[in-house]
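Please read it alongside the sequence and the coordinates.

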Amino acid sequence: MRYVYLDKDNLGKFFDLLKEDYKIVGPVKKENKFVFAEVEDVSEMSLEYIPTILPPKKYFFPQKEKLGDFNMGDTKMSQTSIEMQPTVIFGAHTCDIDGIECSDAVFHKDPADPYYSKRSKMITVIGYECMFQCDDCATCVTMDTHNPKAGYDIMITDAKDKYILHVNSPKGNEIIQKAGELLENDSEEKIKSYLVKLREEKMKKFKVSLIANYNELKDIFDGSYNSKIWEDVGKRCVSCGNCTAVCPTCYCFDIYDDVKLDISGGDRTRIWDSCQLKPFAEVAGGENFREERSSRQRHRLFRKFDYSVNKYNKFFCTGCGRCTRTCMAGISLIDTVNDLTKEKNNV
Amino acid sequence: MSEAKQKVRVAFFDFADCEGCQLQVTYLNEAFLGLLEHVDIVNFREAISEKSDDYDIAFIEGSITRKHDEERIKKIRENAKIIVAYGACACTGGVNGLRRHYTDEEAKEIVYKGREFPLEAGRPKPVHEVVKVDYYIHGCPTNNDEFVKAVKGILLGKGYTPPSYSVCVECKLKENVCLFEKGQTCMGPVTRAGCDAWCTSYGNKCYGCRGMLDNPAEQGQMDILEKNGYTIAELKQKFETYNMCRMEAEKNG
C-alpha cells in the first residue's frame with residue numbers, strides 16, 4: 001500500500017503510541033532462548049532474535065483453549081466468549097508470518113473455526129524483517145519466506161540509519177496515520193528501489209542449506225514414501241513431540257470434556273496434539289495406522305511438503321528451523337530432506 | 001427427591017513409602033471439600049483415626065515388601081471393588097526398587113552398619129506384582145490436579161488412564177527452555193506425562209518419577225544422554241532410580 005520511514009530514535013515513541021490502543025506481544029529473551037510475551041516497553045524486546053520457542057501461532061490457536069460449557073441433557077454447548085483485547089504481534093519474522101498464513105488457510109477454510117477467527121480479528125501483525133540469517137537451522141531462502149511478501153499489517157525493515165515501514169493493510173494504515181508525526185515520507189519508487197538494494201545485500205548473508213530448490217521439493221517427496229531414510233529417522237526419534245509443538249504450521253488438536261462431580265455439566269477444552277505421539281493414529285479396536293516412529297516422522301514431513309501442497313497449494317514448511325533446533329536427538333529437517341534429495345538423484 | 005445420597009466409601013492404605021503422597025491429599029484444600037460431598041473417607045491414617053474394612057475404593061500407597069504385607073494387600077483386594085495404585089512406590093516400586101540391587105544381608109549392612117535389626121527386610125514390589133490394580137496415579141509425589149482428575153473419572157465410572165506420551169509434550173506447551181539446550185539432562189523424553197511438567201516448569205529437571213513410558217525409545221534416549229556426556233553406568237542409574245522393578249521384570253521376561 002505505502003512506504004514510510006521511521007527514525008530509529010522514534011521506535012520507542014511509535015511503540016508507546018501502539019500501546020495506547022493495543023496489548024503488545026513481542027520477542028523477549030528467556031534464558032538462552034526467546035519467546036513471544038507481553039511487553040510494556042520497547043526495551044524489553046529483542047528484535048534480533050533466533051525464532052522463539054513457540055511460534056506466534058499460540059495467540060491465534062492457544063496451547064489449551066476452553067471451547068464451551070455444557071449442561072447434562074442439553075444438546076447444545078454454550079460457546080465460550082473469547083475475551084481477547086486487540087493485540088499487536090510486534091517483530092514477527094517473515095517465516096512466522098508465512099506460518100500464520102498457513103494456519104489461516106486451515107482454520108478459515110469452510111467451515112471456519114470460530115475460535116481462531118475471533119482471535120484472528122483481534123490481532124495486528126507488525127513484522128520485522130531479518131537482515132541476516134538467524135542460524136544454520138533455518139531454510140527460509142529455499143522456502144522463499146526470507147523476504148516480506150504478504151500476511152502482515154506493517155513490516156519494519158532495518159535500513160541502516162532508519163526503518164522502512166511497509167504498510168500493507170487498512171489496519172496498518174490506521175496505525176500509520178496516528179503515528180503521522182513520527183514518520184517521514186518519500187516517494188514510493190525511491191523507497192522501493194532502496195529496499196531492492198538492501199535485499200540484494202542481505203542475500204549475501206543468507207545460506208542455502210537444502211540441495212533441492214523450491215520447485216523440486218514436491219517431486220522429491222512424491223517418490224520418497226518407501227525410502228529407508230525414514231527408518232533411520234525413526235530409530236533416533238523418542239516421540240517427545242517437540243518438533244510438532246514448535247512448528248508454526250502444525251494445527252492438530254485433541255478435545256476433552258471435564259465433567260463436574262455432580263454430573264450436572266462440565267466444560268470442553270481443546271489442546272494441541274501431535275502426530276508424533278503413538279495414540280494419535282490409534283482407532284477403536286486398538287488398530288494404529290502409524291505404530292512406528294519412522295512412519296510418524298514421515299507423516300510429519302509429508303504434511304509439510306506433500307499433502308499440504310495437494311490440499312492448500314502451499315508448502316507447510318516455513319523454513320523457520322524450529323523442528324531442527326529443538327530436536328534433542330539431532331533429527332534435522334535439512335539432513336532428512338537432503339538425504340531424500342540425494343537418494344532421488346542417484347536413482 | 002430427598003433420598004439420601006449413597007456416598008462412595010474410600011480408604012487409604014500405606015505400605016513401604018514415606019507417606020508423602022498421602023500428605024499431598026491433605027493439601028487439596030477446597031477441591032478436597034468438593035470431593036467429600038461425594039465420598040466418605042473411612043481409612044486414612046494420615047488424617048483420621050477411624051478405621052473400617054467396609055470400603056469401595058482403596059488407594060494404595062507404597063510398595064509391597066514383606067510376606068505379611070502381601071497378605072494385607074490381598075485382604076484389601078478382597079474388600080475393595082477398586083484398587084488404585086497411588087504414587088510411585090505403589091505404581092512402579094519407586095525409589096524402593098533400588099533395594100533390589102542387594103541381598104537382605106547387604107541391605108541391612110548398608111543401612112544399619114552392624115547394629116542389630118530384628119525386623120524382616122523384604123523385597124519391594126509394585127502393587128500390581130502382588131494383586132490386580134485397576135487404576136494408576138503416578139508420581140513422587142503425586143500431583144493433586146491429576147489426583148482430582150483421576151478420582152473424578154473413577155467416581156463417574158469412566159476410570160482414568162494416565163497419558164502415554166512423555167513429559168516433553170507438557171513441558172513444550174508451557175514454552176520452557178529445554179534442559180538439553182542448556183547443557184543439562186532430563187528424563188522427560190522417556191517419562192510418562194500427567195504432571196503438567198511440574199518440576200521442569202519450576203527450574204528443576206525431570207527425574208523420571210512417573211515411570212518410563214510404556215513404549216520408550218530407550219536406545220534413542222541413551223543416545224541423547226550419551227551425546228550429552230553421560231557414561232553407560234550413569235545412564236543405567238538414571239533409568240533405575242524409578243524403574244528398577246520394571247527393568248528387572250523385563251530382563252527376566
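## Domains of chain A

Chain A is divided into domain 1, which covers 2–61 + 69–203, and domain 2, which covers 214–346. The model is a predicted one, and the C-alpha centres of domain 1 of chain A and domain 2 of chain A lie 26 Å apart. The contact between these two domains draws on 39 residues from domain 1 of chain A and 38 residues from domain 2 of chain A.

Together, domain 1 of chain A and domain 2 of chain A bury about 3,100 Å² between them, with 64% of that area on carbon and sulfur atoms. On the side of domain 1 of chain A, the residues that lose the most area to domain 2 of chain A are A:Phe61, A:Phe70 and A:Met143, which together make up 21% of what that side buries. Elsewhere in the description of chain A, a salt bridge is listed between A:Lys314 and A:Asp98, whose closest N and O atoms are 2.8 Å apart.

## Domains of chain B

Chain B is divided into domain 1 (8–155) and domain 2 (167–251), and the centres of domain 1 of chain B and domain 2 of chain B, taken over C-alpha atoms, are separated by 24 Å. In this pair, 21 residues of domain 1 of chain B are in contact with 14 residues of domain 2 of chain B.

The area that domain 1 of chain B and domain 2 of chain B bury between them is about 1,400 Å², of which 56% is on carbon and sulfur atoms. Three salt bridges are found across the interface of domain 1 of chain B and domain 2 of chain B. B:Glu146 forms a salt bridge with B:Arg210, and the closest N and O atoms of that pair are 2.8 Å apart.

## The largest pocket

The largest pocket holds about 1,400 Å³ of space. It is lined by 42 residues, and those closest to its centre are A:Tyr256, B:Lys149, B:Pro163, B:Tyr165 and B:Glu170. At least two lining residues are supplied by each of β11 (253–259) and β12 (265–272) of chain A, and by each of α6 (144–155) and α7 (167–173) of chain B.

The largest share of this lining, six residues, comes from α6(B). By class, the residues lining the largest pocket divide into 19 nonpolar, nine polar and 14 charged.

## Enclosed cavities

A search of the whole structure finds five cavities of 30 Å³ or more, and the largest cavity has a volume of about 150 Å³. Its lining is made of 20 residues, of which A:Cys247, A:Cys317, A:Cys320, A:Cys323 and A:Leu333 lie nearest the centre.

In chain A, α11 (293–305), α13 (322–326) and α14 (333–346) each supply at least two residues of the lining of the largest cavity. That lining has twelve nonpolar, five polar and three charged residues.

## Backbone geometry

A cis peptide bond, with omega about 0 degrees, joins A:Asp110 and A:Pro111, and A:Pro111 lies in the loop between α3 (94–107) and α4 (114–122) of chain A. In chain B, the peptide bond from B:Cys140 to B:Pro141 is cis, with omega near 0 degrees, and B:Pro141 is found in the loop between β5 (135–137) and α6 of chain B.

Although A:Ser239 is not a glycine, its phi is positive, at about 55 degrees. A:Ser239 is placed in the loop between α9 (229–236) and α10 (242–245) of chain A.

Key: Residues are numbered from 1 along each chain as its sequence is written. Chains are lettered from A and ligands numbered from 1 in the order in which they are written. This is a predicted model: local features need pLDDT of at least 70, side-chain atom pairs count only at pLDDT 80 or more; totals for chains, interfaces and linings use all residues. Side-chain values use heavy atoms; hydrogens and water are left out. On a 1 Å grid over the protein atoms alone, a cavity is a set of points where a 1.4 Å probe fits but cannot get out, and a pocket is an open set with protein on both sides within 12 Å along at least five of seven lines; lining residues have an atom within 4 Å of a point. Grid points are joined across faces, edges and corners, and a volume is the space filled by probe spheres set on the points. Helices (H or I, at least four residues) and strands (E, at least two) are DSSP runs, numbered from the N terminus. Ala, Val, Leu, Ile, Met, Phe, Trp, Tyr, Cys and Pro count as nonpolar, Asp, Glu, Lys and Arg as charged, and the others, Gly among them, as polar. Domain bounds come from an automatic or database domain assignment. Contact means heavy atoms within 4.5 Å. Buried area is the accessible area (1.4 Å probe) that two parts lose on being put together, summed over both. A salt bridge is a side-chain nitrogen of Lys or Arg within 4 Å of a carboxyl oxygen of Asp or Glu.
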